[in-house]
Every structure is written in C-alpha cells, then in structure tokens.
Amino acid sequence: MIKEIYWVAEILAIIICIHNLFGQKVKINIPTALFIIVDLIYMNLMDKEIISRNVFFLIYVVFIIYGYMEFEDKIGIIVIQSIVALVIISVIQMIVYFPCSILISYIGNESIFVLISHVITLTTVLLTKNIGIYKGIFELTTKKDLLIWICISGGLLWMGYCIY
C-alpha cells in the first residue's frame with residue numbers, strides 16, 4: 001500500500017510540474033484521471049513482474065500523449081516540456097534523496113523513505129509553482145538554439161539519476 005501512495009505522490013508531482021511549465025492549473029478531467037490510472041496499473045504490473053522493466057520507457061509515451069491531450073500544443077513543444085518536467089522532478093528528487101538518505105538508517109524501511117522523499121518532492125513542486133521559475137524554463141526551452149543543449153543536458157541528468 002505504501003508503494004501505491006508514493007507512486008501517486010510522484011505522478012501528481014509530474015502532472016503539477018508539467019502544468020506549471022505550461023502556466024495552467026491542474027484540472028481533474030478525463031485525460032488526467034486516465035494518465036494516473038494507466039500509470040498506476042503500469043507500475044503495479046512492473047512491480048509484480050508481469051511486464052518487464054525493460055519497457056519502462058512506454059510510460060513516457062503515455063505521458064507525452066497525456067500532454068498532447070491536455071495542452072493541445074505542437075507535439076515538439078509537448079515532448080520537450082515533458083522531458084523538462086521529468087528532469088525537474090528528477091533533480092528535485094536527487095536533491096531530496098541526499099539529505100533524506102540519512103533517515104533510512106533510522107527508519108529502516110525503504111518504502112517509507114521513498115514515500116517521505118516523494119511527498120517532499122510533491123510539496124516542493126506545489127510551493128514553487130508561483131515563483132515564476134517554470135515560466136522562465138518554458139520560455140528558455142522553447143527557443144530553438146538552446147533546445148538541443150537542454151535535451152542533451154536533460155538526458156545526461158536523467159542518465160546520472162538512473163545510475164544513482
């Protein structure tokens with residue numbers, strides 16, 4: 001049960017982050033509900049080893065489809081902003097994980113540690129939505145000159161996160 005709760009916290013953080021990038025409030029609508037349900041089913045199937053972890057990338061395709069349905073922007077912008085949202089969440093999680101990793105020795109339960117980390121990540125995304133950083137990131141990433149470098153940087157950050 002704890003896994004499902006921290007999965008929901010992470011999914012909500014990602015959804016709120018992408019909405020922050022597009023400058024829109026999160027609406028509970030059919031695409032949002034479907035994305036949450038599909039993501040939870042997908043994570044459960046992987047956790048129970050019904051589907052291979054090698055196809056984990058498919059959830060990113062679902063996320064891009066969600067972004068397209070929700071924002072109806074150019075597919076290129078949706079893909080870039082989806083990557084940026086995932087990079088932002090990954091960076092916040094890495095920042096949160098390092099100080100919180102001390103807690104794991106006291107807590108003794110990795111699931112509770114991950115839950116605490118994901119709740120802090122979600123709270124960070126919620127608290128930072130009105131400071132304008134997301135608008136700046138959105139404008140920066142829609143400039144074509146910087147687009148390639150941001151993708152490369154995001155890919156390197158994601159790879160570093162995966163290695164960690």
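Of the 164 residues of the chain in this predicted model, 38% count as buried. The chain exposes about 9,700 Å² of accessible area, and carbon and sulfur atoms supply 71% of that area. The secondary structure consists of seven helices and zero strands, so that the chain, read along its sequence, follows the pattern α-α-α-α-α-α-α. Among contacts between residues at least 6 apart in sequence, 69% join residues at least 24 apart.

Helix α1 covers residues 2–21 and helix α6 covers residues 133–141. The axes of these two helices come within 8 Å and cross at roughly 70 degrees. Angles from 65 to 115 degrees count as roughly perpendicular, and α1 and α6 are therefore roughly perpendicular to each other. The contact involves C17, N20 and L21 on the side of α1. On the side of α6, the residues that meet them are Y134, I137 and F138.

Side chains of opposite charge can pair when their charged atoms come close. The structure holds two salt bridges. One of them joins the side chains of D47 and K3, with an N to O distance of 2.8 Å. Because D47 lies in helix α2 and K3 in helix α1, this pair ties together parts that are 44 residues apart in sequence. D47 has a relative accessibility of 28% and counts as partly exposed. K3, at 30%, also counts as partly exposed.

The salt bridge between K27 and E70 has its closest N and O atoms 3.9 Å apart. This pair links distant parts of the chain, 43 residues apart, with K27 in the loop between α1 and α2 and E70 in helix α3. The two partners fall into separate accessibility classes: K27 is partly exposed at 42% relative accessibility, whereas E70 is buried, with a relative accessible area of 9%. The value for E70 lies in the buried class because that class takes in residues under 20% relative accessible area.

A nonpolar patch is present on the surface, formed by F57, L58, V61, I65 and M69. Together these residues have about 440 Å² of accessible area. V61, one of the patch residues, is found in helix α3, which spans residues 58–71. The relative accessibility of V61 is 41%, so this residue counts as partly exposed.

E49 has a positive phi of about 60 degrees although it is not a glycine. This residue lies in the loop between α2, which covers residues 30–47, and α3. E49 is exposed, with a relative accessible area of 68%. E72, likewise a residue other than glycine, has a positive phi near 50 degrees. E72 is found in the loop between α3 and α4, the latter covering residues 75–107. At 67% relative accessibility, E72 counts as exposed. Both values, 68% for E49 and 67% for E72, fall in the exposed class because that class begins over 50%.

How values were computed. Residues numbered from 1 in each chain as written. Predicted model: local features only at pLDDT ≥ 70, side-chain atom pairs only at ≥ 80, totals over all residues. Heavy atoms only, no water. Patch = residues over 30% accessible without salt bridge, like charges linked within 9 Å, V, L, I, M, F, W, Y side chains within 5 Å. Areas by Shrake-Rupley, 256 points an atom, 1.4 Å probe, with all protein chains shown as cover. Salt bridge = Lys/Arg side-chain N within 4 Å of Asp/Glu carboxyl O. Helix = DSSP H or I, 4+ residues; strand = E, 2+ residues; numbered from the N terminus. Buried < 20%, exposed > 50% of the residue type's maximum accessible area, 1.4 Å probe, protein only. Axes fitted to C-alpha atoms, helices over the stretch in contact; angles between N-to-C directions. Parallel < 35°, antiparallel > 145°, perpendicular 65-115°, else oblique. Contact = heavy atoms within 4.5 Å.
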